[in-house]
Amino acid sequence: MPLVAGIDSSTQSCKVVIRDSATGALVRQGRASHPEGTEVHPDHWWAALQEALAQAGGLDDVEAVSVGGQQHGMVCLDSSGDVVRPALLWNDTRSAADADALVAEAGAGDASVGAAHWASTTGTVPVASLTATKLRWLARNEPENARRTAAVCLPHDWLSWRLAGHGAGTGPSSLEALRTDRSDASGTGYFSPRTGEYLEEVLKSTLGHVPVLPGVVGPLDVAGKTPAGALIGPGAGDNAAAGLGVSAAVGDVVISIGTSGTVFAVSDDPAQDASGLVAGFADATGNYLPLACTLNATRIFDATAGLLGVSLQQFGELALSAPEGSVGLTLIPYFAGERTPNLPDATGSLHGLTVSNYTPANLARAAVEGVLCSLADGLAALQAQGVAARRIILVGGGAQSEAVQHLAGAVFGLPVFVPAPGEYVADGAARQAAGVLAGQMPDWPLEGIHLGERKDATTPAFLRRYRDYAAKAAMG
């Protein structure tokens, strides 16, 4: 059967999977690292892609390829197709003041009015990660580079463009070949997921002019061809591609437990949260992808295991040896501040200490419960936006913890599915490539385990207690 390739170009690395387009069976794969930092020249991504492709046996026998990539990164090109300056990545925070200014200006000084305006037009209240805020920073701090910028694209757009044979020195007509998809465009701050259109007024107020922007293609449209003739799919932002990789559908909520946490859903309706907790992105299927982030997930497990002097395996065993609720011990895991709720200067706190409950087992259990409760708050933020949650798909390194799996159903109150460990973003990109090739998205089998939900419909006492302490933390 025909082969397809999926590419995951993340902050840390580039991963390539080659799969059978009909069955999804993995044929071969490759990986290469990206340089560290929040400012990276895109040429490093291209070099890493070539290395990963070489490890994966190349694209000569591949009939379609698609790229999933880190969102928000600002890639500026001049009229010849040359990169103007190193890309500012999503995690570069130098434009935080510009984000605040955009909100204030939209509300004529009233931040609440400005936030509501941004939420209703772009689905997302500006924060430093968004591309629009980075463009404003560029215009203020590097005006000559801003004037040289003839086109603006995102990491996955640029890599797809390069795969199609374009690049430095290819000229103005080559810029018109830039393509993106609505999931990645929805993270820029100058695109409306609701209307599917770019917002030229935002570009004029940030960069100072309207550059060439990638054409937004449909979920199964061809975005180009490689010089060898392989079809290039629309690609996607990393979360949307991961959604494809785990076959998330309307009613599914994907909760990713990594160093930080991510909670996103596939929804029929766009979100517009003026509080800024929920980003109203689009997905890669024609639906929407409301998303909330937390800053503290497996890093809490690592820190607590280190404090107790045990391995992560032993940490999980300790947690499972303690009773539900940790005998009243409650950990609020805001060790690195928090994003949901938006408390950037918050710190972690431990509540309910007594002589009898201050044991290694209860502390380990409280850490697991605290992280899952914080993710439950992310889920609640999505539900407050009207998201109909019927199932949790639990992914990320933390999802493989037996303690996490044991507690997840009780905390979330929904059936939980844990897919087998995999490269979900690259797999999602490969699945999209197969869909482009066949004209419809394939139904690839997905192995994993199904966990039951809590039989008692009431909210667990430890979650109610957690929320009481978290509310006090929010009040200062």
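Colleague: Which residues touch the most other members of the largest nonpolar core?

Modeller: This is a predicted model, to begin with. The core has 52 residues, and Ile-255, Val-368, Leu-372, Ile-392, Leu-394 and Phe-412 touch the most other members. Helix H13 (residues 360–384) gives the largest share of this core, 13 residues. There is also a second, separate core of 33 residues, which includes Ile-7, Val-16, Val-65 and Leu-178.

Colleague: What is Leu-394 in contact with, leaving aside its neighbours within four places in sequence?

Modeller: Among its contacts are Ile-255, Ile-257, Val-404, Phe-412 and Pro-419. As a general point, nonpolar side chains in soluble globular proteins tend to be buried together.

Colleague: On to the rings. Why is the pair Phe-191 and Tyr-198 called edge-to-face?

Modeller: There are four aromatic pairs by the ring rule. In this one the ring centres are 5.6 Å apart, and the cut-off for a pair is within 6.5 Å. The planes stand at 70 degrees, and over 60 counts as edge-to-face, so that is the label. Ring pairs also link Tyr-190 with Phe-191 and Tyr-198 into a cluster.

Colleague: Why is Phe-191 called buried, and why is Tyr-198 partly exposed?

Modeller: Phe-191 has a relative accessible area of 2%, and buried means under 20%, so Phe-191 is buried. Tyr-198 has 23%, which falls between 20% and 50%, so Tyr-198 is partly exposed.

Colleague: And what makes the pair Phe-301 and Phe-315 tilted?

Modeller: Their centres are 5.6 Å apart, with the planes at 35 degrees. Stacked needs under 30 and edge-to-face needs over 60, so this pair is tilted. The pair links distant parts of the chain, with Phe-301 in helix H11 (residues 298–308) and Phe-315 in helix H12 (residues 312–321), 14 residues apart. Phe-301 and Phe-315 are buried.

Colleague: How do you know that Arg-94 lies over the face of Trp-137?

Modeller: Arg-94 is 5.0 Å from the ring centre, and the distance cut-off is within 6 Å. The angle matters too: the charge has to be within 35 degrees of the ring normal. Arg-162 likewise lies over the face of Trp-46, at 4.4 Å from the ring centre.

Colleague: What makes S18 and S24 edge strands of the sheet?

Modeller: The sheet is open, with seven strands in the order S18-S19-S17-S16-S22-S23-S24 and mixed pairing. Strand S18 (279–282) and strand S24 (448–451) each have a single partner strand, so one side of each has no neighbour in the sheet. The twist averages 25 degrees from one strand to the next.

Colleague: How do you know that S18 pairs with S19?

Modeller: Pairing takes at least two bridges, and four bridges join S18 to strand S19 (residues 288–294), running antiparallel. In one of them, Ala-282 has Tyr-288 in S19 as its bridge partner.

Colleague: Last one: why do Ser-160 and Leu-331 count as buried?

Modeller: Ser-160, in helix H6 (residues 155–163), has 6% relative accessibility, under the 20% cut-off, so Ser-160 is buried. Beyond its sequence neighbours within four places, Ser-160 is in contact with Val-67 and Ile-232. Leu-331, in strand S20 (residues 330–332), has 7%, also under 20%, so Leu-331 is buried.

Conventions. Residues are numbered from 1 along each chain as its sequence is written. This is a predicted model: local features need pLDDT of at least 70, side-chain atom pairs count only at pLDDT 80 or more; totals for chains, interfaces and linings use all residues. Side-chain values use heavy atoms; hydrogens and water are left out. Rings of Phe, Tyr and Trp (its six-membered ring) pair if their centres lie within 6.5 Å; planes under 30 degrees apart count as stacked, over 60 as edge-to-face and the rest as tilted. Buried means under 20% relative accessible area, exposed over 50%, partly exposed in between (1.4 Å probe, protein chains only). Helices (H or I, at least four residues) and strands (E, at least two) are DSSP runs, numbered from the N terminus. A nonpolar core is a set of buried Ala, Val, Leu, Ile, Met, Phe, Trp, Tyr and Cys residues joined through side-chain atoms within 4.5 Å. Contact means heavy atoms within 4.5 Å. Axes are lines fitted to C-alpha atoms, for helices over the stretch in contact, and angles run from 0 to 180 degrees between N-to-C directions.
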